[in-house]
Amino acid sequence: MEATQPSCRIVPVHAVLLAVGEAELDRSQIANQIRSLFPYGWLKTATVTQVGHNYAIYERGTRKDLLVRAGFPVSGAFADTQSVKCFTLAAGQAAHAVHVGPYSELHRTYARLDAWCKEHGL
């Protein structure tokens, strides 16, 4: 059974305040490391609460392939700790595709989204 190609589109993104763990990772490390970045342990004693679904943000890194931020929306601002940062995701637009399947196959969805963006001059 062949996997279906994800549909791609542009979606509006509202500003959101996130609690994130972050690390610079080689692409090959992401599947094994991503879960450890979500700050669930910190949340147990935090002064804020989780108010939405998980986010994973991938940016170009300086020492490794990608700077990966993984976390969730929170109820208010908080002081950064060594392992958890208060991060504002700015409002704007984003290219969007839904990945269904194992995290180790995310590269297929990313490749489709990347090709779609190039096709549309984004």
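Author: Contact here means heavy atoms within 4.5 Å. One more thing before we start: this is a predicted model.

Reader: Good to know! Which residues does Arg69 touch, not counting residues up to four places away in sequence?

Author: Happy to list them. Arg69 has its place in strand E4. Leaving out residues up to four places away in sequence, the residues touched by Arg69 are Val20, Gly21, Glu22, Tyr55, Ala56, Ile57, Glu59 and Phe87.

Reader: With which residue does Arg69 form a salt bridge whose closest N and O atoms are 2.9 Å apart?

Author: In general, side chains of opposite charge can pair when their charged atoms come close. The side chain of Arg69 also makes a polar contact, at 2.9 Å, with the side chain of this partner, Glu22. With the closest N and O atoms 2.9 Å apart, the salt bridge of Arg69 is with Glu22.

Reader: How many residues apart are Arg69 and Glu22?

Author: Arg69 forms a salt bridge with Glu22. The pair links distant parts of the chain, with Arg69 in strand E4 and Glu22 in strand E2, and the two are 47 residues apart.

Reader: And which residues are linked with Arg69 in a network of salt bridges?

Author: Glu22 is partly exposed, with a relative accessible area of 37%. The network of salt bridges links Arg69 with Glu22 and Glu59.

Reader: Let's turn to the strands. Over how many bridges do strand E2 and strand E4 pair?

Author: Strand E2 covers residues 16-25 and strand E4 covers residues 66-73.

Reader: Now for Phe38. What separates the C-alpha atoms of Phe38 and Gly21?

Author: Phe38 has its place in the loop between helix H1 (30-37) and helix H2 (40-43). Phe38 is buried, with a relative accessible area of 17%. Leaving aside neighbours within four places in sequence, Phe38 is in contact with Asn54, Tyr55, Ala70 and Gly71. Phe38 and Gly21 are 17 residues apart along the chain, and the separation of their C-alpha atoms is 5.7 Å.

Reader: Which residue meets Lys118 in a salt bridge?

Author: Lys118 is exposed, with a relative accessible area of 60%. The N to O value is 3.1 Å, and the partner is Asp114.

Reader: One last question: how many salt bridges does a search of the whole structure find?

Author: Among them is the pair of Arg108 and Glu105, with the closest N and O atoms 2.4 Å apart. In that pair, Arg108 is exposed at 55% relative accessible area, and Glu105 counts as partly exposed at 28%. For the whole structure, the number of salt bridges found is five.

Notes: Residues are numbered from 1 along each chain as its sequence is written. This is a predicted model: local features need pLDDT of at least 70, side-chain atom pairs count only at pLDDT 80 or more; totals for chains, interfaces and linings use all residues. Side-chain values use heavy atoms; hydrogens and water are left out. Two strands pair if DSSP finds at least two bridges between them. Helices (H or I, at least four residues) and strands (E, at least two) are DSSP runs, numbered from the N terminus. A polar contact is a pair of N or O atoms within 3.5 Å; within protein, one must be able to donate a hydrogen and the other to accept it, and residues adjacent in sequence count only if both atoms are side-chain atoms. Buried means under 20% relative accessible area, exposed over 50%, partly exposed in between (1.4 Å probe, protein chains only). A salt bridge is a side-chain nitrogen of Lys or Arg within 4 Å of a carboxyl oxygen of Asp or Glu.
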